[in-house]
Amino acid sequence: MMFRLPGSWIVVLVVCGALAGCGPAPAARLPCVPTQGELFIGGQPASGAELLFHPADANSGRWLAGMPHAVVRADGTFAVETYETKDGNADGAPEGEYVVLVKWMTQPSTPQGERPRDDHASYDRLIGKHYNPATATLRAKVAMPETRLPRFQL
């Protein structure tokens, strides 16, 4: 019986290896359109604000990999990236219509010795108001060959 055990383990390892290769295939990347814009809040550049481009048709089922996103620079500009940045250039966003979600985080200030709250909305300068697809007011349409969005104002 002891001599059969190693052979059994080989069969188990072969079966596990075969099953490991049966997982879902890597998601296909959609072609991206270079996309830039600006975000100003209260007339000032929203430096450091994070934008997430949520598909307007959330039930499209095409979002298997990557979600367009951007971080606002000090001058208020941003460049959208979905999968990667190459040579300092963001790849853009797939064509389509989006609800643009905005989160503008601040460092939590807590009294000395207290632990910061774990409620992320409490650190969002916009109090989560613009980070819910159901209530967000910004919209974007991305189309070939390049998209320069109108200035977003909050």
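Reader: Is phenylalanine 152 buried or exposed?
Author: Phenylalanine 152 is buried, with a relative accessible area of 5%. Please note that this is a predicted model.

Reader: Which residues does phenylalanine 152 touch?
Author: Leaving aside residues up to four places away in sequence, phenylalanine 152 touches Glu38, Leu39, Phe40, Leu51, Phe78, Val100, Leu138, Arg139 and Ala140.

Reader: And which residues have the most contacts inside the largest nonpolar core?
Author: They are Leu39, Leu51, Phe53, Phe78 and Phe152, in a core of 22 residues. Strands E1 (35-41), E3 (50-55), E8 (96-103) and E9 (138-142) are the elements that each give two or more residues to this core.

Reader: Why would such residues gather there?
Author: In soluble globular proteins, nonpolar side chains tend to be buried together.

Reader: How many aromatic pairs are there in the whole structure?
Author: A search finds three aromatic pairs. In one of them, the rings of phenylalanine 53 and phenylalanine 78 have centres 6.3 Å apart and planes at 55°, so the pair is tilted. Phenylalanine 53 belongs to strand E3 and phenylalanine 78 to strand E5, so this pair ties together parts that are 25 residues apart in sequence.

Reader: What about the rings of phenylalanine 78 and phenylalanine 152: how far apart are their centres?
Author: Their centres are 6.2 Å apart and their planes are at 10°, so the pair is stacked. This pair links distant parts of the chain, since phenylalanine 78 is in strand E5 and phenylalanine 152 in strand E11, 74 residues apart. Together with Phe53 and Tyr98, Phe78 and Phe152 form one aromatic cluster.

Reader: Are the two partners buried, exposed or partly exposed?
Author: Arginine 151 counts as partly exposed at 41% relative accessibility, whereas glutamate 38 is buried, with a relative accessible area of 17%. The cut-off for buried is under 20%, so glutamate 38 falls within it.

Reader: What else does arginine 151 do?
Author: Arginine 151 also lies over the face of phenylalanine 40, at 3.7 Å from the ring centre. Elsewhere, the charged end of arginine 125 sits over the ring of tryptophan 104, 4.2 Å from its centre.

Reader: Which residue meets glutamate 84 in a salt bridge?
Author: Its partner is arginine 29, and the N to O distance is 3.3 Å. Glutamate 84 is in the loop between strand E5 (77-79) and E6, and arginine 29 is in the loop between helix H1 (4-20) and E1, 55 residues apart. Arg29, Glu84 and Lys86 are linked in a network of salt bridges.

Reader: And lysine 103?
Author: The side chain of lysine 103 meets that of glutamate 50 in a salt bridge of 3.9 Å, N to O. Lysine 103 lies in strand E8 and glutamate 50 in strand E3, so the pair ties together parts that are 53 residues apart in sequence.

Reader: Turning to the backbone, where is the cis peptide bond?
Author: The cis bond joins methionine 144 and proline 145, with omega about 0°. Proline 145 is placed in the loop between E9 and strand E10 (147-148).

Notes:
Residues are numbered from 1 along each chain as its sequence is written. This is a predicted model: local features need pLDDT of at least 70, side-chain atom pairs count only at pLDDT 80 or more; totals for chains, interfaces and linings use all residues. Side-chain values use heavy atoms; hydrogens and water are left out. A nonpolar core is a set of buried Ala, Val, Leu, Ile, Met, Phe, Trp, Tyr and Cys residues joined through side-chain atoms within 4.5 Å. Buried means under 20% relative accessible area, exposed over 50%, partly exposed in between (1.4 Å probe, protein chains only). Helices (H or I, at least four residues) and strands (E, at least two) are DSSP runs, numbered from the N terminus. Contact means heavy atoms within 4.5 Å. A salt bridge is a side-chain nitrogen of Lys or Arg within 4 Å of a carboxyl oxygen of Asp or Glu. Rings of Phe, Tyr and Trp (its six-membered ring) pair if their centres lie within 6.5 Å; planes under 30 degrees apart count as stacked, over 60 as edge-to-face and the rest as tilted. A charge sits over a ring if NZ of Lys or CZ of Arg is within 6 Å of the ring centre and within 35 degrees of the ring normal.
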